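Please walk through this structure with me, one site at a time. Keep the model open and follow each stop.

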Amino acid sequence: MVKVFERPKALADVPTHYCPGCTHGIIHRLIAEVIDELGIVDKTIGVAPVGCAVLAYNYFTCDMQQAAHGRAPAVATGIKRVCPDSAVFTYQGDGDLASIGCAEIVHAAARSEQITTIFVNNGIYGMTGGQMAPTTLPGDKTTTSPYGRDTSKQGFPIRISEMLATLDGPAYIARVSVHNVANIVRARKAIKKAFEYQLAGKGFTLVEILSTCPTNWGITPIEALNKVKSEMLPYFPLGEIKDIEAGEKK
Amino acid sequence: MGERILMKGNEAIGEAAIKAGCRFFFGYPITPQNELPEYMSRRMPQVDGTFVQAESEIAAINMVYGAAGAGARAMTSSSSPGISLKQEGISYIAGAELPAVIVNIVRGGPGLGGIQPGQGDYFQSVKGGGHGDYRLIVLAPANLQEAVDLVTEAFDLADYYRNPVLILGDGLLGQMMEPVEFKATKLRELPAKEWATNGLRNHGGKTNIINSLVLDPHGLEEHNIRLQEKYARIVEAEQKAEIVDCDDAELAIVAYGSTARIAKTAVTQLRQEGLKVGLIRPISLWPFPVKDFEKVIPTVKSFLTVEMSAGQMVEDVRLTVNGCKPVYFYGRMGGIVPAPEEIAAQVREILGGAK
Ligand SMILES: Cc1ncc(C[n+]2csc(CCOP(=O)(O)OP(=O)(O)O)c2C)c(N)n1
C-alpha cells in the first residue's frame, strides 16, 4: 500500500487546543509541510506569539521560543543573528503583530531581517475573548465594539502587507487565504517561497494569511469561511504584494 | 595582560563584555549610557560580533531574549526610563531562565527625570521591576576596575544560574575615566547550553523550547518553587560586600556604587578627626549581603545609609539590622551628588547626639 497522506514530521503528534472551524490548524500544517519539503526541520527555529497560537511551541517539532506579546520579530532577530544559517520564523496574530507589535514588525522588515513572518489575520483578538483588533472590519461587532466598529471613533483597519511593502527591506510579502482548497494550495506556495527567499538570504519575508474565528465571530465554521470570502477579501485583497524577484506588484 | 588602559566607564563596561565573550549587543540611545552602544557599534564588527541599534528598549531586550535563548552571550544597556521599558522582557528572561546581562547607568527620576547620576532605581532593580516572583542578580560597582571585573563575573553568573544579571551603575560611573586592567579570569565551570534553541542539528535532534508560560496552576507553582530554590542557592553563595574600618567602628556608613566612594572619603576624614567610623559597601544588591552585616551588627552602635535617592536601600538595611541598632538615612536626589563633607556632618551629628 502506498501512503498518500501523513502527518508532516515538523508537526508534533499531539491534539491542538484550537476551536472547531478555526484555521490556525491548517496554517500550522502548511508551515510544517514546507519545513518538511525543504528538509530544514533540524535548522528551523520558530517563535510563538501571545495569542491563540501561543502554544505553537508544542505543535512544531523544530526548536521554538515563546515571545512576549508583539515582540516575536525582535526575538527572531536575536535568534537569527546568533544562528545565521538557520531558518527562523515568527507566527503572529493580528493583535500581536498589527497592534502591540507594530514597531517590531516594521523595524524587522526595514532592517530586512532574514526571517519569515506568518501573519494570521482573523480580524479579532481570539485568545482574550473577541475584542476589536486593528484589522477588525468597519461595522463588525466585537466585545469592545459592541455597536460595530465605528470608524469615526475607532479608526480604520490596517493593511499591514501593503504598509510593509512600501519599505525597501522586505524581499517578499504576500496575502493569502485558507478559506477553500484552491487558496490553501496558494497559501502553501507563498509560505514555501518565503522560506526559500529566507534561506537564499534575499531578505525579510512575510505571508499574511486571512483566517477564521467562528467562536468569537459568533457564527458557524461554514459561515466563517464565507465571511472571509465575501467580507475580508474585498478589504484585504489577495496576492503577492512585493516580490523582489518579480519587481513591485499591484 | 597586566596592561592598564585609561577608559571611560561606559566604554570599559563594553570592552569587558567583549572580553567575556559577549558577541551580541542590542542597544538604544539614552543619556548617560550612550558611549556604551556607541562603543559596541565600533567594536563588535572588529570581533565578528553583532551590534543592533534596536527600534526601542523593548525590542532590544527581546532581541537579547532571542539571542540568549539561541545560546549566545548577549547584552543590552540603557538608563532608567529605558530600563523601565525593558521590564516585561526582563521578567520573561527570568521566567524562561535565560542568561543575559543588562546594564543600567542610572539617572535621576521619576519620569523623564534628569540626566545626572541617581540611585532611585534600587527598588526596581532588587524588588522585581517587572511582574511576577523573580529575582535578578544585581551588582553595583563603585569604580571602573570593579565594573570591568563585575561584568566578567556577571556573564559567568548568568550562565551558571541561567538568570539575568543587572549591572547597576550610575551616570558618574558611566562618564568618569579611570585606568582599568582586563584580567582573564575563569571563575566557574559552566554547564553546556544543551537547552539552547539553535536548531535540532546542534543538540541531538530533541526539540528545545524556550518558554515562560505554564497554564496549569500546579505546574506554575512548581516552576516558581524551582525558581525560588535557585534564588535561595544564589542568596547562599553570591553575597558580596566590602567592609572598611568596621572592627572598632561605632557607626557604619552603608552606601553602594558612586556614593560609597564619596562615603569612603568621608570615613577617612572622620577617622583623622578621631571618630570611629566604618563603611559597609554592598556590591551585590541582590542578594543583599546580609552575612557581611551580621559581622558588623554586634559591634557597631548605629548605621547611616547614604544614597542618591529618597531612601530605598535603607529599607533592606533596616530589614537586615532588624531593630538591633538604629539606622539613620541621608539622601540627595535629582542628580545631586552628596559631598564627603555633607556625609561627615551627618555622622558628627549622630555621634555627637549619641553622647
Ligand atoms: C503585554 C500583554 N498585553 C495583553 C495581553 C493579553 N492578550 C493575550 S492574547 C491577546 C490578543 C491576541 O490576539 P491576536 O494577536 O489577534 O491572536 P489570536 O488570539 O486572534 O490568534 C492579548 C491582548 C498579554 N498577554 N500581554
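Helix α7 of chain B covers residues 144-161. In this predicted model, the helix counts 18 residues and spans 25 Å from its first C-alpha to its last. That is close to the 26 Å expected at 1.5 Å a residue.

Now look at the two ends. At the start of α7(B), N143(B) uses its side chain: an oxygen there comes to within 3.2 Å of the backbone nitrogen of Q145(B). After the helix comes R162(B), with a positive phi near 50°.

Move on to N163(B). This residue sits in the loop between α7 and β7 (164-170) of chain B. Is N163(B) buried or exposed? Its relative accessible area is 0%, which is under the 20% cut-off, so N163(B) is buried. Its side chain makes a polar contact, at 3.2 Å, with the side chain of K230(B). Which residues surround N163(B), leaving aside neighbours within four places in sequence? L98(B), P99(B) and A100(B) are among them, as are R135(B), L136(B) and I137(B). A158(B), K230(B) and Y231(B) are also in contact with N163(B).

Next, chain A and a pair of helices. Two packed helices are described by the angle between their axes and the distance between the axes. Helix α3 (residues 72-82) and helix α5 (residues 102-110) of chain A have axes that come within 7 Å. The axes cross at roughly 40°. The two helices, α3(A) and α5(A), are therefore oblique to each other. From α3(A), the contact uses P73(A), A74(A) and T77(A). From α5(A), it uses E104(A), I105(A) and A108(A). By class, four residues in this contact are nonpolar, one is polar and one is charged.

The last stop is T212(A). Find this residue in the loop between β8 (204-210) and α9 (214-217) of chain A. Its relative accessibility is 2%, so T212(A) counts as buried. What lies 2.8 Å from a polar atom of the T212(A) side chain? The backbone oxygen of G21(A) does. Not counting residues up to four places away in sequence, T212(A) touches G21(A), C22(A) and T23(A), along with N122(A) and W217(A). A224(A), L225(A) and V228(A) also touch T212(A).

Terms used. Residues are numbered from 1 along each chain as its sequence is written. Chains are lettered from A and ligands numbered from 1 in the order in which they are written. This is a predicted model: local features need pLDDT of at least 70, side-chain atom pairs count only at pLDDT 80 or more; totals for chains, interfaces and linings use all residues. Side-chain values use heavy atoms; hydrogens and water are left out. Helices (H or I, at least four residues) and strands (E, at least two) are DSSP runs, numbered from the N terminus. The expected span of a helix is 1.5 Å times one less than its number of residues. A polar contact is a pair of N or O atoms within 3.5 Å; within protein, one must be able to donate a hydrogen and the other to accept it, and residues adjacent in sequence count only if both atoms are side-chain atoms. Axes are lines fitted to C-alpha atoms, for helices over the stretch in contact, and angles run from 0 to 180 degrees between N-to-C directions. Angles under 35 degrees count as roughly parallel, over 145 as roughly antiparallel, 65 to 115 as roughly perpendicular and the rest as oblique. Contact means heavy atoms within 4.5 Å. Ala, Val, Leu, Ile, Met, Phe, Trp, Tyr, Cys and Pro count as nonpolar, Asp, Glu, Lys and Arg as charged, and the others, Gly among them, as polar. Buried means under 20% relative accessible area, exposed over 50%, partly exposed in between (1.4 Å probe, protein chains only).
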